[in-house]
Amino acid sequence: MTKLAVIAIGGNSLIRDNTRQTVEDQYDAVCETAKHIVGMMEQGYEVIITHGNGPQVGFILRRSEIANEVAGMHFVPLVACGADTQGAIGYQIQQAMDNEFKKRGMDKSAITLVTQVVVDANDPAFQKPTKPIGSFYTQEQSEKIQKEHPDWVMVSDSGRGYRRVVASPLPLEIVEKDVIHKLVREGYCMIAVGGGGIPVIRQEDGCFKGVDAVIDKDFAASLLATQILADELIISTGVPKVYLNYGKPEEKALDRVTLAELKEYVKENHFAPGSMLPKIQAVIKFLENGGSKAIITNPESLEEAVAGKTGTHVQL
Ligand SMILES: Nc1ncnc2c1ncn2[C@@H]1O[C@H](COP(=O)(O)OP(=O)(O)O)[C@@H](O)[C@H]1O
Ligand SMILES: NC(=O)OP(=O)(O)O
């Protein structure tokens, strides 16, 4: 029987090397990921693909700021930068998936849907930025940036360097979820809720208004998977498995864990905030809200992971 999976592709996993950050390099990474997703589909999965945008939304925002500094051009608001990434990354995934379907003689096509996600205007996240975006900086660069841009908030990101952070409110409702569900049932491979969705608030008159923030795509993927009753939530990121004591000599890979065990490991602080912790929290939410299985792995391990041969598998 075909299984329905929501698969969340990490924004960083599409930038494989910090010295290769061109649009063409990202397309190569997307094509590589698409091959593995289609390989997974050949094992009996229908998928809804969602993707991160942390690096990309930061690059667009920075370009806009530099254009303002050097040429007086108007800033592009963060919410519009996020919407841009849905189109640009969605386009690459859609083309890569369609090409892969053609190569394998599969009668399938992909559609990217611009997706809005409702957040609470009073979410405390608006007062406390936590979502890393854009480039990684050294400590020295970060200190220099902080002097030049006192309004930026910088944090250390999982020992990989320093990054600017922006507000990341919780996703509450996926505005286009019924359309996503309908198109999946019609057999389309959907690309939706990109970058965690375009954050919007519902105004008193019921109309939506965009807000400057970046929603965590793992939380949004978890909400989507819950709302459309997906069988599995699959998180594709930069590591084949989740580890206890990550990066330390006593590091230990997690193969199969229960929800209860995972919650204990969270309490023991095994997962870095801003990187692995949100993925783990997204998995916990999915399983607590009726989901039956979640897998965390990297793009190249997807086929082996769904076959149960690698990845971190979490079940009740
Ligand atoms: N306990 C852990 N196990 C595995 N990876 C971890 C852990 N803690 C932090 N990480 C880091 O988190 C990264 C995934 O987060 P990130 O790169 O922000 O995600 P994304 O792929 O969604 O952009 C991994 O590639 C790894 O470097
Ligand atoms: N929006 C988001 O969570 O992006 P990343 O996965 O790239 O951090």
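Start with Val 117, whose bridge partner in strand 10 is Pro 199. This is a predicted model, in which local features need pLDDT of at least 70 and side-chain atom pairs count only at pLDDT 80 or more, while totals for chains, interfaces and linings use all residues. Residues are numbered from 1 along each chain as its sequence is written, and chains are lettered from A and ligands numbered from 1 in the order in which they are written.

Select helix 3 (residues 78-103) next: it packs on the sheet, touching strand 10 and strand 11, and its direction makes about 130° with that of strand 10. Axes are lines fitted to C-alpha atoms, for helices over the stretch in contact, and angles run from 0 to 180 degrees between N-to-C directions. Contact requires C-beta atoms, placed from the backbone, within 7 Å. Helices (H or I, at least four residues) and strands (E, at least two) are DSSP runs, numbered from the N terminus.

Now show the whole sheet: four strands in the order 8-4-10-11, open, with mixed pairing. Strand 8 (173-174) and strand 11 (208-210) are at the edges with a single partner strand each, so one side of each has no neighbour in the sheet. Strand 4 (residues 116-118) pairs with strand 10 (residues 198-202) in the parallel sense over three bridges; pairing requires at least two bridges found by DSSP.

Move to the open sheet of three strands, ordered 5-7-6 and antiparallel. Its edges are strand 5 (131-137) and strand 6 (153-156). Neighbouring strands here are turned by 40° against each other on average, direction ignored. Helix 2 (residues 54-71) packs on this sheet and touches strand 5 and strand 7, its direction making about 75° with that of strand 5. Strand 6 and strand 7 (residues 162-166) pair over four bridges, and Val 155 stands opposite Arg 163 in strand 7.

Select helix 1 (residues 23-41). Its buried residues include Val 30, Ile 37 and Met 41, where buried means that 20 or more other C-beta atoms, placed from the backbone, lie within 10 Å of the residue's own. The buried residues of helix 1 pack against strand 1 (3-9), strand 2 (45-51), helix 3, strand 12 (232-236) and helix 9 (302-306).

Finish at ligand 2. Among the residues surrounding ligand 2 are Asn 12, Asn 53, Val 214, Asp 216 and Lys 217, with near meaning a C-beta atom, placed from the backbone, within 6 Å.

Definitions and conventions. Contact = placed C-beta atoms within 7 Å. Buried ≥ 20, exposed ≤ 12 C-beta atoms within 10 Å, placed from the backbone.
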